[in-house]
Amino acid sequence: MVTQKIYHAAIYVRLSKEDGDVAAGKAESNSISNQKYLIKDFLKDKEDIEVVSERVDDGYSGSDFERPAFQMMLEDIKRGVVDCVVVKDLSRFGREYIDSGMYIERLFPALGVRFIAVNDGYDSLDRKDSSDDIIIPFKNLINDAYCRDISVKIRSHLEVKRRNGEFIGSFAAYGYQKKADDRHKLEIDTYAAGVVQDIFRMKLHGMSQDAIANKLNESGILPPAEYKASTGSNYQTGFKVKEKSGWTSVTVRRILTNEIYIGNLVQGRQTTPNHKVKQVYQKEESDWVRIEKNHEPIVSDRDFEVVQRLLAMDTRTAPGNGEVYPLSGLVVCGGCGMPMIRKTTKAGGKAYSYYICATNKSTKECSPHSIATDKLENVVLELLRKHIESIMDLQRVLAFIGTVPFQQMDMKKLEERKAEKQAEVERCTHLRSMLYEDMKDGMISKNEYKELHAAYESRRKNAQLAIRQIELEMEEILERKSRAFVWLDYFTEHRNIEKLTRNVAVSLIREVRVVDKNSIEVMFDFDDCYRECMDNLDRLGYGIDCDGTGKDIQSRELEGLAEENIVSEDTGQVSGGVAGMERRAV
């Protein structure tokens, strides 16, 4: 008497959120419960099969076999607990052609595992004919192609959403949240946005990233991951290394460098080679999708720009409090152009600090250019005060004459450029019309006619595009009114400055160049705007009495330029014309 073998089966079911299986037309047939029902109904009269486990992968793509339930089923097979696998159809088993064939045709037979795909009528124990050797691989190939097609469609759909300014991330950046009525739009999270503004403010006031992180932790402010968890979000991050995370300098820097906080939406920074290879790699920045001013900003463009400049500097912090010195990263050697470093020495029970050339400190290939810190800061402060006075004089002149003359000058330049492009359009149109006659007269061949016609047409279209761009610039000039001079306010708001702080220094000064102990040059921010404005006033021929002295701006600037700018080594004060030094700071 022959005893019938009893197979110990694992029912395997899978549902993907990515390949379209949960779309309205397929959700019912492919649901987890319906897959189980179909398989159990098939097995109810199979006396030789005993179900020992049910493995479910809900929300996993069929293109990858690293699914948790599938791997547990493989472990059961290796331990001899399971020797039969039953699935609804081959697509539920997997959509990857090569790996599906490897399991069905090689691994399972080698391990003595019976494989059944109910809807495909396939049973490895009772193969109907040799056509299965062709049909099964062909069906796997179809499933693979379907998965690839879905992947291409999803990638294309997401790219369209990115270019339309729709947010497609799973979680909004710290400081923002998804709108309730449109999950692809961002709105400000008031509490978190306040923390972001505090972080930028602390950085502008001279705190290092470490000091900012410590301050936030001491204040009991939850870091981004913990904050999202506290709001009920199922947020997961690969940056978390402890059970309960805290603020770190890396987290702070990530916020300080994220341009989402000025309203720019940047997406598509990472990708994978295809739907089979899950390794993520960074795309070139030119391939990122950047939509500017896509949502409400949390910080101003000005503050963000200054912070980026700060992060690029080599700065030193004050011991103990983590604050950055006022001129850290701004002072450079006038000889070699390298940054100067701040050193502190003690003598007679007192501490003395000074700046010294980094090249001299390391290789002695440059002179020290050393200068006492307090003297340097006093001189820079005095120069800044004088520059602010000049800015205020300039502002008064602009308030008197208005911005219309400047608009007229800009419009005149654009009109000249537009006239040149219009002449080019007419020239290309004329030359293109003459080509046909030249071809008829035999002066050029038909191929030459086509090449020249295409070349003239291309030049004509490019000139027309340039004209349109110029017209847009002209419209912008008429609309912006006095916005071009908003930089003046950055200086005049500090008209009563008493002390050189880190915030003021980084906001208004680009560079402090120590030429020698008796000469210092300062490059102020918006120096190009200042010079352009002064040149325009000169061309316009305006001589306005700004201070009641009967002298106009041009003459006072010239007088300043003619004077010597000397820093007294004994007093640290500026002698000579400060305006001249300002103008020398190029």
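Predicted model: local features only at pLDDT ≥ 70, side-chain atom pairs only at ≥ 80, totals over all residues.
Which residue just after helix 8 takes a positive phi? Gly220 does, at about 75°.

**Helix 8 and its cover**

Helix 8 spans residues 209–218. Its buried residues are Gln209, Ala211, Ile212, Ala213 and Leu216. An α-helix has 3.6 residues a turn, so residues three or four places apart point the same way. Several elements cover the buried residues of helix 8. Among them are helix 7 (190–204), helix 10 (249–256) and helix 11 (301–311).

**The chain as a whole**

The chain holds 20 helices and 19 strands. It has 586 residues, and 42% of them count as buried. Its accessible surface comes to about 32,300 Å². Carbon and sulfur atoms account for 50% of that surface. Take the contacts between residues at least 6 apart in sequence: 65% of them join residues at least 24 apart.

In soluble globular proteins, nonpolar side chains tend to be buried together. Here the largest nonpolar core has 79 residues. The members that touch the most others are Tyr174, Trp247, Tyr261, Leu327 and Leu376. Helix 13 (residues 373–401) supplies the largest share of this core, with 11 residues.

Tyr174 shows what such a position looks like. Leaving aside residues up to four places away in sequence, Tyr174 touches Ala192, Val195, Val196, Ile221, Leu222, Pro224, Tyr227, Lys228, Trp247, Ile255 and Tyr261. Two of these partners, Trp247 and Tyr261, are also named among the core members that touch the most others.

A second core of 21 residues is separate. Its members include Ala10, Met73, Ile77 and Tyr122.

**Aromatic pairs**

A pair of aromatic rings is described by the distance of the centres and the angle of the planes. The count for this chain is 20 aromatic pairs. Two of them share Phe70.

| Pair | Centre to centre | Angle between planes | Geometry |
|---|---|---|---|
| Tyr12 and Phe70 | 5.6 Å | 80° | edge-to-face |
| Phe70 and Tyr103 | 5.2 Å | 80° | edge-to-face |

Which elements does the Tyr12 and Phe70 pair tie together? Tyr12 lies in strand 1 (residues 7–15) and Phe70 in helix 3, so the pair joins parts 58 residues apart in sequence. Tyr12 is buried, with a relative accessible area of 0%. Phe70 is buried too, at 0%.

The Phe70 and Tyr103 pair also links distant parts of the chain. Phe70 is in helix 3 and Tyr103 in helix 5 (residues 97–111), 33 residues apart. Tyr103 counts as buried because its relative accessibility is 9%, under the 20% limit.

These rings belong to one aromatic cluster. Its members are Tyr12, Phe65, Phe70, Phe93, Tyr103, Phe108, Phe115 and Tyr122.

**Charges over rings**

Two rings carry a charge over the face. Lys46 lies over Phe42, 4.1 Å from the ring centre. The charged end of Arg342 sits over the ring of Tyr325, 3.7 Å from its centre.

**A buried serine in a loop**

Ser63 lies in the loop between strand 2 (49–58) and helix 3 (68–78). Is Ser63 buried or exposed? Ser63 counts as buried because its relative accessibility is 5%, under the 20% limit. Its side chain makes a polar contact with the side chain of Ser61, at 2.9 Å.

Terms used: Residues numbered from 1 in each chain as written. Heavy atoms only, no water. Helix = DSSP H or I, 4+ residues; strand = E, 2+ residues; numbered from the N terminus. Buried < 20%, exposed > 50% of the residue type's maximum accessible area, 1.4 Å probe, protein only. Polar contact = N/O pair within 3.5 Å; in protein donor to acceptor, adjacent residues only side chain to side chain. Phe/Tyr/Trp six-rings, centres within 6.5 Å; stacked < 30°, edge-to-face > 60°. Lys NZ or Arg CZ within 6 Å of the ring centre and 35° of its normal. Contact = heavy atoms within 4.5 Å. Areas by Shrake-Rupley, 256 points an atom, 1.4 Å probe, with all protein chains shown as cover. Core = buried A, V, L, I, M, F, W, Y, C linked by side-chain atoms within 4.5 Å.
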